[in-house]
Amino acid sequence: MYARTSLMRTCILSAVLLVTVVTTTTTVRAQELPPEARVRSEFLHAWLGYKAFAWRHDEFMPLSREPKDWYSESLFMTAVDGFDTLLLMGLSQEASTTRDVILSELSFDKDMDVQVFEITIRLLGGLLSSYQLDGSQGFLDLAKELGDRLLPAFDSPTGMPYVYVNLKTGVTSRPVNNPAEIGTLMLEFGTLSKLTGDPVYYEKAKRGIQEVYRRRSEIGLVGTTIDVESGAWGNTRSHIGGRIDSYYEYLYKAWRLFGDPDFKTMWDTSIAAVNRYVADETPDGLWYGQVDMASGERVGTRFGALEAFMPGLLAYSGDTERAARLMDSCYRMWMKWGIEPEQIDYNTWQITSPGYVLRPENIESAWYLFKITGDEKYREMGRAMFDSVRVACRDFFAYHTLADVRTKEARDSMPSFFLAETLKYAYLLEKPDLIDLDQVVFTTEAHPLRATWRE
Ligand code: DMJ
């Protein structure tokens, strides 16, 4: 036993040494590399840190150099979430090792209550895009197994899913859910239906999102929390931030991916209401704050890193004029402190939540605007934002989050979406032709899905 532990340590230390040598070398040479290779080497830096200290675990804690699992056992979160970025970046050797580990060792037969939304966007979405990009049947088999284990979540009186489901027993818990966690299952469950030929996943996810939409207020807005058993709203604040954000994103993207006109209708009605009531035209530019869902009365002027997905979605759905104005606000929010805080009050420019957790949304929006308008200024914005992440969050072994963007105090975490999303969009800014937006729809976790069933 002692010999094995000591051997493992030696292996880890050798790997770390290798990481250090590789990343130091790549840093020294970074300025000589073409821009896309520079982003790729940053991805490798983060990935190899994860591999050296947290391989087969959900996440890497870069300061303590320890692995972290979300639940009692690992679901290989970072490996699955980051796999399609490896493929898109052409890192085939890393992809090959990762594919082998996922396909031979990942199991969902675990007696654990898991958060349906997070598991869907990171794992189900990751497995589906991996299947489409890589072609290994094992990814689709795992996706189907996971989809089947998540399905009991929809067994509520309203058809809206519970927040948690047990992967082994199917027992559900936490009936107070929200539009984002209910709606942001559609692309993944819908794609699973299209690829397996079994309509059940599409139907359950569509019913869930429709039940939220059906309960919108008379002026067309949804609230922050909803009880999936009674169908009653709890928190009635309406906004585009956390707990609502990707509900809107999936109304539009489901239309793009599946061509189902019901989604187009729901999107058109919803975005009109959001632009009428939630948007806030201030002397300082365009923002989206908080309003009461029934009256439309303004109850808050908060905006932050999560809301920064909206310029991208507006541009993608054709409203480039509004997208450009909101992107300008988002970029100013980023640059005021050299990196964006989690949330500010846009009336006073006071920070209301000071951290930065390596979120992608602002860079993602810059990518959509660059891709759609072709205006180089957006690529420059994305580059500047990513550069500041590199300066403030890169450490010896990987990347860390920030406790406060003013002090740049480090926090011991590297969420899997940094590899799945932030680095992917930074890379796509340098390789815009890699993706054809008429063929591919990105999930909220930046997993590219293709409507192969429509080709
Ligand atoms: C990701 O998991 C997804 O983008 C989600 O929709 C919002 N939060 C994180 C990134 O910030």
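Predicted model: local features only at pLDDT ≥ 70, side-chain atom pairs only at ≥ 80, totals over all residues.
A polar contact is a pair of N or O atoms within 3.5 Å.

**The ligand.** Begin by selecting the ligand and the residues that surround it: Ile 121, Leu 306, Arg 359, Pro 360, Glu 361, Phe 417, Glu 421, Thr 444 and Glu 445. By type, this shell comprises four nonpolar residues, one polar residue and four charged residues.

Next, display the side chain of Glu 361, where a polar atom is placed 2.8 Å from an oxygen atom of the ligand. Proceed to Glu 421; here a polar side-chain atom lies 3.0 Å from a ligand oxygen. Then select Thr 444, whose side chain brings a polar atom to 2.7 Å from an oxygen atom of the ligand. With a surface displayed, consider the cover over the ligand: taken alone the ligand exposes 290 Å², and the protein buries 92% of that.

**The pocket.** Now widen the view to the largest pocket, in which the ligand sits. The volume of this pocket is about 600 Å³. Its lining consists of 29 residues; select Phe 117, Glu 118, Arg 122, Arg 359 and Phe 417 to see those that lie nearest the centre. The lining divides into 10 nonpolar, six polar and 13 charged residues.

**The helices.** Finally, colour α5 (116–134), α7 (179–183), α10 (245–258), α14 (361–373) and α16 (416–430), each of which supplies at least two residues of the lining of the largest pocket. Which of these elements gives the most to that lining? Select α5, which contributes four residues, the most to the lining of the largest pocket.

Note on methods. Residues numbered from 1 in each chain as written. Heavy atoms only, no water. Near = heavy atom within 4 Å. Polar contact = N/O pair within 3.5 Å; in protein donor to acceptor, adjacent residues only side chain to side chain. Areas by Shrake-Rupley, 256 points an atom, 1.4 Å probe, with all protein chains shown as cover. 1 Å grid on protein atoms, 1.4 Å probe; cavity = no way out; pocket = protein on both sides within 12 Å on 5 of 7 lines; lining within 4 Å. Sits in = over half its atoms within 2 Å of the grid points. Nonpolar A, V, L, I, M, F, W, Y, C, P; charged D, E, K, R; others polar. Points joined across faces, edges and corners; volume = space filled by probe spheres on them.
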